[in-house]
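Morning, everyone. I have one model to walk through today. Let me put it on the screen.

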Amino acid sequence: MSDETPICSAKGCRAAAVWVLAWNNPKIHTPERRKTWLACEEHREHLSQFLGVRGFLKDVVLLTEWEPPEVPQAPATGTSGTPGAS
């Protein structure tokens, strides 16, 4: 395993991640916001249940198929369209 290999988010686990668990906390995140945890095969169900019981879990996707949502760009400021220009 290299330093760049994604690892499971379960406490103490160093196994390679296979799954992405997309979630958000509706009390603090906008509905479209997605936070992610990574899971190995062994911990996918446990982490999914932890998030699911709280109503946070939105999706479970294979890491190889995960496409992070696009982050909207902040509008440019100033009259020239260049940030910081005035």
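**Starting from Cys8**

Let's begin with Cys8. Leaving out residues up to four places away in sequence, Cys8 touches Cys13, Ala15, Ala16, Ala17, Leu38, Ala39, Cys40, His43 and Leu47. Contact here means heavy atoms within 4.5 Å. Cys8 is also buried, at a relative accessible area of 4%. Buried means under 20% relative accessible area, exposed means over 50%, and partly exposed is in between, with a 1.4 Å probe and protein chains only.

A word on the source. This is a predicted model, in which local features need pLDDT of at least 70 and side-chain atom pairs count only at pLDDT 80 or more, while totals for chains, interfaces and linings use all residues. Residues are numbered from 1 along each chain as its sequence is written, and side-chain values use heavy atoms, with hydrogens and water left out.

For Cys8, the nearest cysteine sulfur belongs to Cys40 and is 3.8 Å away. Cys40 is in no disulfide either. Cys40 is buried as well, with a relative accessible area of 5%.

Next, the overall layout. Along the sequence the pattern is β-β-α-β. These elements are DSSP runs, numbered from the N terminus: helices are H or I with at least four residues, strands are E with at least two.

The three strands form an open sheet, in the order 2-1-3, with antiparallel pairing. Strand 2 (35-39) and strand 3 (57-62) are the edges, each pairing on one side only. On average, neighbouring strands of this sheet are turned by 25 degrees against each other, direction ignored. For that angle, axes are lines fitted to C-alpha atoms, for helices over the stretch in contact, and angles run from 0 to 180 degrees between N-to-C directions. Pairing requires at least two DSSP bridges between two strands. Strand 1 (residues 19-23) and strand 3 run antiparallel and are joined by five bridges. In strand 3, Asp59 is the residue opposite Ala22.

On to the core. Which residues make up the largest nonpolar core? There are eleven: Cys8, Ala10, Cys13, Trp19, Leu21, Trp23, Ala39, Cys40, Leu47, Leu51 and Phe56. Such a core is a set of buried Ala, Val, Leu, Ile, Met, Phe, Trp, Tyr and Cys residues joined through side-chain atoms within 4.5 Å. Strand 1 and helix 1 are the elements that give two or more residues to this core. Strand 1 has the largest share, three residues.

Two more residues. His43 sits in the loop between strand 2 and helix 1. Is His43 buried or exposed? Buried, because its relative accessible area is 18%. Beyond neighbours within four places in sequence, His43 is in contact with Cys8, Ala10 and Cys13.

Then Ser48, in helix 1 (residues 44-53). Ser48 has 9% relative accessibility, so it counts as buried. With neighbours within four places set aside, Ser48 is in contact with Leu21, Leu57 and Val60.

Finally, the totals. The protein has 86 residues, and 23% of them are buried. Of the contacts between residues at least 6 apart in sequence, 46% join residues at least 24 apart. The accessible surface is about 6,500 Å², with 53% belonging to carbon and sulfur atoms. Areas come from the Shrake-Rupley method with a 1.4 Å probe; for residues, only the protein chains shown count as cover.

How values were computed. Disulfide = S-S within 2.5 Å.
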